[in-house]
Structure formats: C-alpha cells, structure tokens
Amino acid sequence: MSILLDENTKVVVQGLTGREGSLRSEFMKAYGTQVVAGVTPGRGGAEVHGIPVFDTIKQAIKQVGEIDAAVTFIPGPALKSAVYEAIDAGIKFIVSPVERIPVQDVIQMVQYALANDVKLLGPGSLGLISPGKAAIGWLGGSLDWARALFDPGPVGVISRSGGQSGTVPWALKVAGLGISTAMHIGTEPVLGLTMADVLKMYEKDEQTRAVAIFGEIGGTLEEEAAECVAKGEFTKPLVVFIAGAWAPEGMRFSHASSIVEKGRGTAQGKMKALTEAGAHIVGSPEEIAPKIKELINA
C-alpha cells in the first residue's frame, strides 16, 4: 500500500499551462500518475501533454469525472483562491509546492481545509512519491532520477528538507530497504498536514513497517510527533535526525520555519521529547538507514 497517493489517484493540476505546471505534469504522467485534467482560467479547451485544460475544477469534474487530488503550480498571490476553489469543488487532498505565502493566507487555507475535512500538504512542499505507483509535485525531479532514487519498500519517509526528501530514500535503497511513501512536509511557518498527522497514516499502512524523519530546528512539528508516539497513536519503529543543532538562537537555519526563538524549537528539546516518547535519535543522516534496518530486523 501507500499513503495519500497511488496508481489509482486521479489528479488535477492547477496552473497546467504555465512553465512549471507543464514540466511537472509531464514528469508525473510519465511516472504513472493519473493526471486527468488541468485548470487555467481562460485557457479552457487547450491541451498539454495530452491532458485536457479547463477554466475551473468544477468544469473538469463535470467532463472527466471524480478527481481525488489537486496540485498547485501557480503564483503565490493566487494560491489561497486556488486552494479554496479545489476545496469547494470537493477535492480532498491538495499539494501546494508554492513558497513565501503570507502567513495570514496560510492560516485561512489551513482552517478552511480542516473545516472541510481536506488534507493540505504544504505550502512549500515538494510533494510526495509512492515508488512505482505515482508522484505528485516536484519530488522525484525527473523520470530517471525518480526511478534511480526511490525503490518500493517498508519505510515511510517524512522530511522538512527538500533535498533530504530524496537522499534519505536513496540511502534506504542502498541499505536494501526501499520506501512505501516519501514526502516533503513543507517549509512555511504554518503548514497543513503535520508530522503527527502523517505518522497516524503510516500507522494504518500495512506496507510501512518503520518511519524515518529528517527534522530541523524551529517550530513544533517534531514535538507534536513525539506526542503522537507517546499517546500510542504511532507504534512502529521511528528513527529521527534533527538538523541545525549548532544554530544559535535567532538564526535562520534553512528556511522560514527553521529558526530558534526564545528557547523554543531547539534541537535539544525536540530530541528529548522524541527520546522520552520512544523514538530513536541518530546523530547524522548517514545513520538513519542502518538504524532502520537494525530495528526492522530485530
């Protein structure tokens, strides 16, 4: 199995006729994703890589039938209206690769998604990939890279780092493990899906036997993950690396959400919470795959 995305998931691309929308859709379709429609206001009736374009998502659904997921390759100022459009059309899973969104817009999007039982990945998420099944967003890069880096297997991956969203699965592949699903959780200070949300999904996934997290300083995602484990909502082996332990208070480490302020979001605090909950902390990214393999084979 996999979480959120598989070969049967029907996807609409918002912004299909733009440069990124066109490039990413070509990759997603080649990898096996069912990209059934695209949306660009005013471009209805066009076609990109054999994918029909509509003016609105509701028009697309009327023509192609039920759609399960949307991915937004559009400028930041238009993101909120695009997300609202997808939610109002009944889409239940939205991936948003867009970065640098006003925090107030993100808060409103997240609240609207929660109120409508919609899963919003991002903003600022590279997306996710279920090896051999489907990919959505930027994760995977190209058909050759996606096939080279991501092998099917028993490990779920959650990463706050875009780059590590690919290197951790590659390390697991080299270790002979492979992954069930890998995702980049997003880079904005406020996000839709949290690590805790995703851990609960991996708990229910029969293919996933363990999970690897590449975390960072700043925010509370890792502490929320620790609470999830402590409550027994995730019971499988969990291996975590926290990047940026050296960063002084007030210094931005990687992106807007990776900053330690007034003692909050420290690597030490995150590692303490996760360890006390029963997760396994490693000191470097290179240790993730060997530790996972040890725990799975124990």
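F214 and F241 are both buried, a label given to residues under 20% relative accessible area, with exposed meaning over 50% and partly exposed the range in between (1.4 Å probe, protein chains only). The model is a predicted one, in which local features need pLDDT of at least 70 and side-chain atom pairs count only at pLDDT 80 or more, while totals for chains, interfaces and linings use all residues. Residues are numbered from 1 along each chain as its sequence is written, and side-chain values use heavy atoms, with hydrogens and water left out.

The structure holds 4 aromatic pairs. Rings of Phe, Tyr and Trp (its six-membered ring) pair if their centres lie within 6.5 Å; planes under 30 degrees apart are called stacked, those over 60 edge-to-face, and the rest tilted. One of the pairs joins F27 and Y31: with ring centres 6.1 Å apart and planes at 40°, this pair is tilted. Both F27 and Y31 are buried. These residues sit 4 apart in helix 1 (residues 19-31), so about one helical turn separates them. Helices (H or I, at least four residues) and strands (E, at least two) are DSSP runs, numbered from the N terminus.

The rings of F214 and F241 also form a tilted pair, because their centres are 5.3 Å apart and their planes lie at 50°. F214 belongs to strand 12 (residues 210-216) and F241 to strand 13 (residues 238-243), so this pair ties together parts that are 27 residues apart in sequence.

Turning to a proline, P290 is found in helix 10 (residues 288-297). P290 has 49% relative accessibility and therefore counts as partly exposed. From C-alpha to C-alpha, P290 and L177 are 9.9 Å apart in space, although 113 residues apart in sequence.
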